[in-house]
Amino acid sequence: MLEQARQLLQSHFGYSSFRSGQELAIEQVMKGRNTICVMPTGGGKSICYQIPALLLPGMTVVISPLISLMKDQVDALIEAGISAAYVNSSLSARDVHDTIEAAKQGAYKLLYIAPERLESYTFIEDLKEIPIPLIAVDEAHCVSQWGHDFRPSYRHIQRLAEVLPGQPAVLALTATATPRVRRDICQLLSIDEAHTVMTGFERSNLSFSVIQGQDRLAFIKEYLQKNQKEAGIIYAATRKAVDQLYEKLTKWGIPAARYHAGMSDDERMREQDRFLADEALVMVATNAFGMGIDKSNIRYVIHYQLPKNMESYYQEAGRAGRDGLDSECTLLYSPQDVQTQRFLIDQSLEAGRIPGELQKLQLMVDYCHTESCLQSYIVHYFGEEPLEPCGRCSNCTDARDSVDVTKEAQMVLSCVVRMGQRYGKTMVAQVLTGSKNKKIMEFGFHTLSTYGILQEQSVKEVSGFIDFLISQELLGVEHGKFPTIFVTSQGKEVLLGRQEVERKEAVKTKQLASDDPLFEELRGLRKRLAERVGVPPFVIFSDQTLKDMCIKLPQSEEEFLAVSGVGASKLEKYGEPFMAAVSAFCEKHPEREKASGVSRNVRGTRKRDSHLDTYELYKQQLSIEEIAKERGITSSTVENHLLRCMEEGMEVALSGWIPEPYWPLIDQAIQEAGREKLKPIKELLPEEVTYGMIKAFLTRSLKEKISE
Ligand code: ADP
Ligand code: ZN
């Protein structure tokens, strides 16, 4: 059975191996067991019911609350050569009727339905006439009142399973389930808790960062300018903030879309479609946006303001990188946002739920302040054992220097005090820089001893520094008609010279993807084809698949099938134009093919993941640098490949990687600095010892501990 499943994975979806958890889930379902499958967003949950749907006789029913997603999901299945349809309120009664009739004739392997359908007696009677071996329940946390998105109509699912004649298996799928919600799902859908398939919550292609005390608008402007070609989402807390930000972006000439609950349905649909079609690359939105967004090529998610809790944060941030390519999740934190969130909680909830939500908010704030690994904090929050430091997040990789700014801080704080703690930050900055503004003269602030003591800086710079002092909670913000600033008790300590202030250099924005002209060409081709077919570009091929084409340069059918994400149906539909584009490119750039010669040889006729190619060379005793050179990738990518091999249980001898004289040093550094963060360990070691080496060492010593 599993062999057959694997063949279907290759022929329809173009993937050569299952991801963690998929195989087990499929196996359980095929045995007819009710199962719950908990995987992070992008983990590959859909395959867990799509493959059984192909293997089992009859039609699988998929229940999903995400109406807007259904069409894309069905389109994607049809693109992969699988018959599927959907029934929801967006269809006319006539279309619903036709779809059901076709389903009765056996036209579909999968039928997606909205849960509200289950309230219709006639609909259930119709379903009874169709052989249904499996009910897949997407977003299964909606069944639980403790979940963050309870849907009463989900309570009908259990009855459906009971009344259908064939006793279908139930597969519940979710990405966010605390232990309590998980138990609830099992109980309400008659799933034996022993039949839980759960993979870790870590998203190893995402790097998380928290940035505070920096000018947010300036950060975003620079970030977007550096990453113009990539798609991303910016989340803001309120409609007003979304509108303001959207206008800024438009003014800067960045093609953006926006989305919030204050817009009409039509307008929202239109904006969403522009984003899905890669016409607007940036979506500025409140948390109303994203449920039901399956777009796989989102390279970054920026939170312009603090979200209300970790559940929302991880769900929203997790929309980045569903295709498995490296992506960034950045949270721009300012302590003032805590008040906004408190206000929103107070406004929108009944009194009984407020304390619980405030507690969740506090844990969100703690995330912004933690100095340990952010990814580790997240998985721990969701009930997993803390991870080894991820080596990717802003805490793991922070190598910025800090400067002592105590003196400057004292100047600002003392100016605030002298002005009577009744003004906003711009006014304070104007006084400090010695502005000749009329108001300042009127108030007599030009006579203060702090007037103009920072005159060599601009008002903007000083404002930025004030933001930093706010982020350090040395200054507080009073939200009246106009926000004013005051010195906190901690700030007083600084004024009295009892506490020092250090400031780190500003975080620099990164360019997410390197420029590859072939990739751009393929991306353009994909967009044109998508327009013609009438589906979003990512439904045709994911970015991951385009990347793989750039490496493998496929120019024959066999080679094209070897690309990850290409199955028989996609080959037939799109093989020709893409191979033609690759050939044309290679003709113009013959050096490209030469450079990739090695990986082509290694690949041979089999299709495999990149890290396995690296492993092959590693087993031939090539050094990290030699592998990097041979494969045309960076050393740190090679190290990541090897780490992945270790995680997958392959034998990776440390001796070929970390020169033995370093071993005792690393061991000692770990003992001294602890295992929590990589950076302090790295600081105790010679320059040549890379983060990859430290991770490898930690992984190995952890493994040894487990096997002892
Ligand atoms: P989820 O529903 O868990 O968020 P999806 O089912 O949408 O995730 O899958 C996320 C992405 O991973 C999709 O682009 C999918 O094609 C891809 N994917 C799923 N399974 C595999 C696999 N075994 N190998 C490679 N890619 C996969
Ligand atoms: Zn980390």
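**Note on helix packing in a predicted model**

1. Leu 518, Phe 519, Leu 522, Arg 523 and Arg 526 of α22 are in contact with Asp 543, Leu 546, Lys 547, Met 549 and Cys 550 of α24. By residue class, this contact holds six nonpolar and four charged residues, with no polar ones. The model is a predicted one.

2. Helix α22 covers residues 517-533 and helix α24 covers residues 543-552; their axes are 9 Å apart and the packing angle is about 135°. The handedness of the α22 and α24 crossing is right-handed.

3. On annotation, the UniProt record, an unreviewed entry, places the feature "domain: HRDC" at residues 512-592. In the model, residues 512-592 are 74% helix and 0% strand.

4. A separate point concerns helix α12, residues 310-317, which is mostly covered, with eight of its eight residues buried. The buried residues are Met 310, Glu 311, Ser 312, Tyr 313, Tyr 314, Gln 315, Glu 316 and Ala 317. Buried here means under 20% relative accessible area.

5. What covers α12? The cover of its buried residues includes the strands β8 (206-212), β9 (231-235), β12 (298-303) and β13 (327-333). Helices α14 (354-369) and α15 (374-381) are also among the elements covering the buried residues of α12.

Conventions: Residues are numbered from 1 along each chain as its sequence is written. Chains are lettered from A and ligands numbered from 1 in the order in which they are written. This is a predicted model: local features need pLDDT of at least 70, side-chain atom pairs count only at pLDDT 80 or more; totals for chains, interfaces and linings use all residues. Side-chain values use heavy atoms; hydrogens and water are left out. UniProt positions are given in the numbering used here, feature names are shortened, and annotations may be inferred rather than shown by experiment. Helices (H or I, at least four residues) and strands (E, at least two) are DSSP runs, numbered from the N terminus. Axes are lines fitted to C-alpha atoms, for helices over the stretch in contact, and angles run from 0 to 180 degrees between N-to-C directions. A crossing is left-handed if the near helix is turned anticlockwise from the far one by less than a right angle, and right-handed if clockwise. Contact means heavy atoms within 4.5 Å. Ala, Val, Leu, Ile, Met, Phe, Trp, Tyr, Cys and Pro count as nonpolar, Asp, Glu, Lys and Arg as charged, and the others, Gly among them, as polar. Buried means under 20% relative accessible area, exposed over 50%, partly exposed in between (1.4 Å probe, protein chains only).
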